[in-house]
Every structure is written in C-alpha cells, then in structure tokens.
Amino acid sequence: MAAGGLAAVGASGILGQGTARAAAVAAQGSTPDDSTNSGLVLWYHDPAQDWQGYLYNPLPIGNGALGAMVFGGVAQEHVQFNEHTLWTGGPGSADGGQPYNFGNWYSPRPGALETVRTTIQGELSSVTRPDDSATWGASMLCQDADGYGAYQAFGDAYITLTSPPAAYTAYRRQLDLNTGITTTTYAADGVTYQREFLASYPDGVVAGQFTASTPAAQSFTVSVAPPGSGPATVTSAGGRITLRGSLSDNGMNYEAQLQVLADGTRAKVTGNADGSVTVTTADSVVLVLTAGTDYAASYPYYRGADPHQRVTAVLDAATKRPFTAVRGRHLDDYQELFGRVSLQIPQVLGGVDPSLDIDDQMNLLDQAMTDEAANEDVITALNRNLEPLLFQFGRYLLISSSRPGSLPVNLQGVWNDVTDPPWNSDYTTNINLEMNYWPAEVTNLAETTAPLFDFIEALREPGRVTAREMFDASGWTAMNHLNPFGYTGVQPSPTEWSPESTGWLLHSMWRYYRYTGDREFLATRAYPAMLEATEFWLDYLVTDPTDGKLVVSPSYSPEQGPYTPACSYSQMVVWDLLSNTIEASAELGTDAAYRAKLQSTLDNLDPGLRIGTWGQLQEWKVSSWDDPNSNHRHISHLYGVFPGHQITPSTPDLFDAATVSLNVRTVNDSENGIGWRLALRANLWASLRDGNTALAEVDHQIWRNILGNMLNNDPFQIDGNLGSTAAMARMLIQETDGATDILPALPPQWASQGSFAGLRGHGGFEYDVAWSDGVPTLIKARSGLGGTARIRSGPLTAGPLTVSAGRRPVAHGVSGGVLILPTVAGQVYEISPAS
Ligand code: FUC
C-alpha cells in the first residue's frame, strides 16, 4: 500500500501520485470516498497490524474511563481495551523490598534537608555547574520507589470469522472525528460488510455493531483474553462473556463483561467451554463491553466495592437499549463537545489527493522530507492537510480519555496494551500531566478537566503527610511522578525532585476559574487547595544569605539539576502559585491577614528572572551554568513565559532573553526533537509571538513523531498530541497582560485566509474569527457571563472599529490598542474594521 516513490510526485505533484493510487485502487474494485480528505476523518485502505508501529495502527476510541483500540482486521477483528484504574502498585503491592509508603522516607532523616541546603549554598561560587549532587544528594534525599506500580492493559476482545473470505475488496477503515465512531467496510463473496465501534460516556460502554448487505451473513466467535498480569478466568453464560481477575502485585480485582446480541431469524448464539461465544448465521450482531476495578480514589487504602455489581448493572442497562439508541446517545453527548470548535486554514495546490489515506500521506511526507527543497509543494500541501486534523484529533483524544468520574489523562491517555508501559504510563508533573490539559479550556472542553481536579484534590491528604514527614512543613506537597495511590514522595533519582508540582498542578485549577468564571469552583475547590499549598511554601522557602531573597532550596531544574538554591523554574512556579492565590483570595474577599502575609512573601521572593552574559534567560542563579550548546528537552526556566505570565511583550528585555534561550534549545535540538518537547516549544514560540517557528515545530512533529493513527510516538505519549493542539490554539488566541489577544502568532503559512469558531478567552467569552492577509476581518465575541471583554488584535484594534450586537452599534472604548467592551451575558458582539 506504500505510496509509491517520490518520482511519482515530482513533476505532476501530488495529483500524479494520487492518480496512480486511485488507478490501483480502482483495479481492486475499491470505491474511495473522495469527500473525506478535507474532512475530519482518519481513514485507511488497509487493516491495522501493529499497535505502535509507524503505520497500520489501530484507531483509538474512549469514553474517559474506558479506552479501546480497533484494528479492523477482516478474518479477525481485534479490540484491545483498557480501563483507567487498573494499576499495579499502591497499598498491598508486593513490588519492592518494603511495604508501600507513598514515596515517603521509610525512616526519618533528621538534618538531611539542612545539610543539603548548606552544601549547595556553597556551590553557588562554582563557575561551572556542579554535577555531583546527583550522587550525594540522592543518598541524602532519595529512595527506591517501592510499590509505585504501573498502568495495566486490561484485555483483548477478538472476533474471529468462522469462514474467513478467501479475498475481499472495497476495504476501508476509518475514525470520523465528527462522530467518534470507527467504521470498517469491505465486500466479500458479493456481500458488503460493515462494523462500527464507539465508546459511549452516557452508557459507560464500548459498543460495536456488525451488519451486512444480506441476511444471515454473520458467523463468528467472540473471545476475550486477559492481560496476563495475574490470575484470571473467562467464562460465558447467556451470550455474556465475563473476564474476572485479580492483579498478582496488589490484589486489585477487575472485571470486564462483554455481551453478544445477535439478530435475525436464523441467528444462533452458543457459549463455548473456553468462555468464548459463537454466533452463527445472524443478520446483525451487537457487542457491548464494559469493565471496572475495585480501585477507589480514597487515601489510604484506595479500594472500594468489588466491580462485579457495577459492571453488571452498567452492561444490563446498556444492553436494554437498541444499538441505535446507544449510538444516538453517544452522538448527542460527544458532538455537543466536539462540535464547539472549527478551524479552517488555507489549503494549497488544491489540497492532497483524496485517494491518499493517512498512512499514504505519512509515508509520502516521510519520503518528501528526504529532499525538503525539491519537494516543497508536496510537503506544504500535506502539512496544511494534516495540521487541522492533528488540531482536532487532540480535542478528540481529550474528550475520549478525560470525562468526569474517572482518572485523568495519563501519559498514554487511557490507551495501553502492555503491563510495563514507558514511565509506568503515570502522571508526571514537570510537564506531561499539565500539558495534557493545556487545550482544555481554550478549545472549549473545560468539562474534561474534572478528572484532573479530582485527582489533584485527592493528593492533598497524602501530600500533607509528605510535607510533614519529609519537610517538617505544614500544607501539602507532591513530587514529579504520581500514581493513583497518593504517591507524593520521592523517587530513586534526584531528577524527580520537584516540590513545585503543586504549584504547576494548581495553576490548572486557577486557569479553569479564569476561563469559566466559576466562583463556586474557586471558593470551594481551587482556592482551598491553593491556600494549603502556599502553607507548605511559607515553611519551605529559605532566605538566601547573599541577597536576602526568599528561595526554594533545594531546587532542581527539571531533569538537569543539580540540587541548588533558586533555580529559575522553582522560583517562577512558586511566584505563580503565590500571586494566583493572592488574586483568588482578593477576588473571594477572604483571608485578608493571610493574603497580606502571602503578599509580603511574594515581595521578598526571588522571582527567578535573570538575564545572563550571552543574553539568555538564566536557568540557574549563576549565568555561567547555562550552556549555549544545551539541547536538553526540558526548558523549564521558560515557565515564566508559559504557562506563567511573568514574561510578556510588556517586559521586552525578559521577552528577548527568553527568545534567546528558546532559540538555542530549538536549534540544538532540531535533529532530535520528539514528542512533548516539540509541543512545548511550539507553545513557547507562539507565546513569544513567532507563529512561523511555532508552526514549524508542529510540522516537525507531524513528520517525525506522528504515527499512521496520528498518535504521538517515541515512545507513545499523548502529551505530544494534546500539546500540539494547545500550540495551534495558542497561535490563534492567548491571554496576555489582562487582554485576549486575537491572532497573536498567526503563522504566515495560514495568513492568507482562514477562520476559527468557538475558541475561548478568559471571563467566559467565546470567539469566532475570520481573517484575511493576516488581519481579522470579523471577530464575533459571545459573552457567557457578561462583564467587560478586553480584546487586542494588532492592526484591527489599533484602528477605527465598528462594534455591533445584532444590528445595533455598541458603545466601546479603546485603550493602548485594547478594545474595552462592556457586555451583556448571552449577547454576541461583532467587531470589524470601520468601513
Ligand atoms: C519526563 C521527561 C521524559 C518523559 C517522562 C514521562 O521524565 O523528561 O521525556 O516525558 O517525563
């Protein structure tokens, strides 16, 4: 199926390639649907083969708690599935030499922190960055992560045809992002077959339907295989397969049930001794699957009711509905979220030939990139086609892996087919977990943050113990790697030393408030968690004797080190937490005395903002520790640019210094950049108002790291997807210095003509924008809450404006290039250049 050689795309361009492909497809009797390349459909000429190979990958569906990968094989359909809570580790874990202790030290280490503090203070006189603390510091502060655990594969459902066809034609497999439904179609022996799969949030199930153009054409055996990480049984009764097991590591009980429902006068459903179910001569078959565990998000045991009753009840309820009803309820739920945002960017050269499926396009891009200059047109056309798809795919993935009532998006979202995934598929706070939620509010999916906020709140109790036992501090804290069992303590390596985690996590809760204006959320959830986190910092901060400033010590610039006082990242995150908490308390009109205390702490805090000898924003207190040749993936000292807001266009010197630092990392990493690091840089470049480089990072991502199913690879981590979506949104809309910036970093490649609808700004506003030659021609602002919109849009708000609601002109002001627009809730305002 490979897309031929580049020779085919030279002179005749993509059209030539596509024509050749179309001819080949036509010869097989296939009927490619030309309409879908321009739409939001991931589609393929061939079944999937490999969960994580470069091409031929299965398609992900999910409802937050459940995830599944659909392969689309003809002789055998394979649906590999997951449930968010199936984890080894935690209380009762047999892994490691000692019982699970939440990462807290097994015995007190009196004086350890003080000794480290004194030693690293002395190291500030070193001209070169000391690298020894990783060894001695580890023995002082770290320990093995006994019982940390890992996210587990749950099981595999196989649908094996009784008599597979000798040959088939017209094969097509797709995931339509507009519906969240996978469809596989093919024809064999004069019959056309179709299979659909979806994951429904309202019904709590993965459901599939097998139909055919003639009656009695469905005969297959459905079986379910356990994940292999503990004793499990598979039984069946009444067409229902039950997989039941218990993880050998921690005794977590899990259960999945799959109901087989066959329709048709000749249809027969038979249970087999091995727990599989055979269907014969059915007209159509519906499969409904759900799964659960006895995990509960409650400290200290993290166990709740056995899953059997809940799984049974969910499946009983879902199977009472016809598939069309389950499908309809899924569409109502999913489309209400997904359909809120659209993005149109200019397509070039007439777009990509419609007969090239996504695997073909990825293949073609890969080949074209071997000679970028010679294949510029091909590359440009493919990029413009794939960018909006990647943007919307990120929104799809967030909806599919983060819905209220389960755990948040882990490193792989909710999709995992192994028992030992990279980095345990955990919750990593020095970039990954937070990046996963960067697109949430701005791309109008604020509801998807619910599991993240539940997770953060559930960390407070174990985090208090860590604060007290390890730091002798009040409040709560957490480190870089988190599992669902309240692991808030240390790891074996100092690279995971990160008490700032709470600050970055809580930034997300504050951000939710800024976008939604939900005061009750602020008062009852965000603010109490923020307040308690600041209590930790009041105890942990120390005075640097050299300048009298309050500093984090020990701090550890993520994954680089060394232990040192006041690395910029730590100072910036603490600055962010303190200032957000002060703002929250003022907004709620509460805790005035404590607020004053926080304010005086903030006033004395080293803000982590230093410009070094080569014009860089310093990562450490000592300028000479910054290496202009560094290509390190973490660029944590730019936290003050994004997601923080200490560095903006209104602080030009710092803005320039941040640009110098980012440029060095970008150039040095240009060959290797993968995954989240490209997504991070894309967001930072957009924040630094360089849409051209920001988009180049996204395009690099598409080329280097996006699999045929568009998941981010090497290894598979979903942050690269979700961060890329956030970056593209950030090119179009950002919050800066108290105003909503429209088209702040519009890439020149998108500038000629385009539009978006439904992206959000602070204060409950939703924006639709059309642009031409890089300038907005019309901004529609929908006011959700009333209040004043502050909108900055370069040339548009700098010049004379017309603002109207309905047909009526609306009074407004302009100050410093910012439109000041008092609004009424529910009203839509149209802003355009005065004619
Ligand atoms: C941090 C990163 C790695 C990876 C891991 C999950 O350790 O530096 O690249 O993303 O988290």
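**Strand and ligand**

Modeller: Strand β2 (residues 59-62) is covered on both faces, with L59 and I61 buried on one side and P60 and G62 buried on the other. Buried means under 20% relative accessible area with a 1.4 Å probe, protein chains only; strands are DSSP runs of E, at least two residues, numbered from the N terminus. This is a predicted model: local features need pLDDT of at least 70, side-chain atom pairs count only at pLDDT 80 or more, and totals for chains, interfaces and linings use all residues. Residues are numbered from 1 along each chain as its sequence is written, and side-chain values use heavy atoms, leaving out hydrogens and water.

Biologist: How many bridges join β2 to β3?

Modeller: Four bridges join β2 to β3 (residues 66-70), and the two run antiparallel; strands pair if DSSP finds at least two bridges between them.

Biologist: What stands opposite I61 in β3?

Modeller: That is A68. The two strands form a hairpin with three residues between them, and G64 in the turn has a positive phi of about 95°.

Biologist: Now the ligand. Which residues are around the ligand?

Modeller: They are L411, W423, T428, N432, E559, R633, H634, W676 and Q717, each with a heavy atom within 4 Å of the ligand.

Biologist: How far is a polar side-chain atom of E559 from an oxygen atom of the ligand?

Modeller: The distance is 2.5 Å, and a polar contact is a pair of N or O atoms within 3.5 Å. For H634, a side-chain N or O atom is 2.8 Å from a ligand oxygen atom.

Key:
Polar contact = N/O pair within 3.5 Å; in protein donor to acceptor, adjacent residues only side chain to side chain. Buried < 20%, exposed > 50% of the residue type's maximum accessible area, 1.4 Å probe, protein only.
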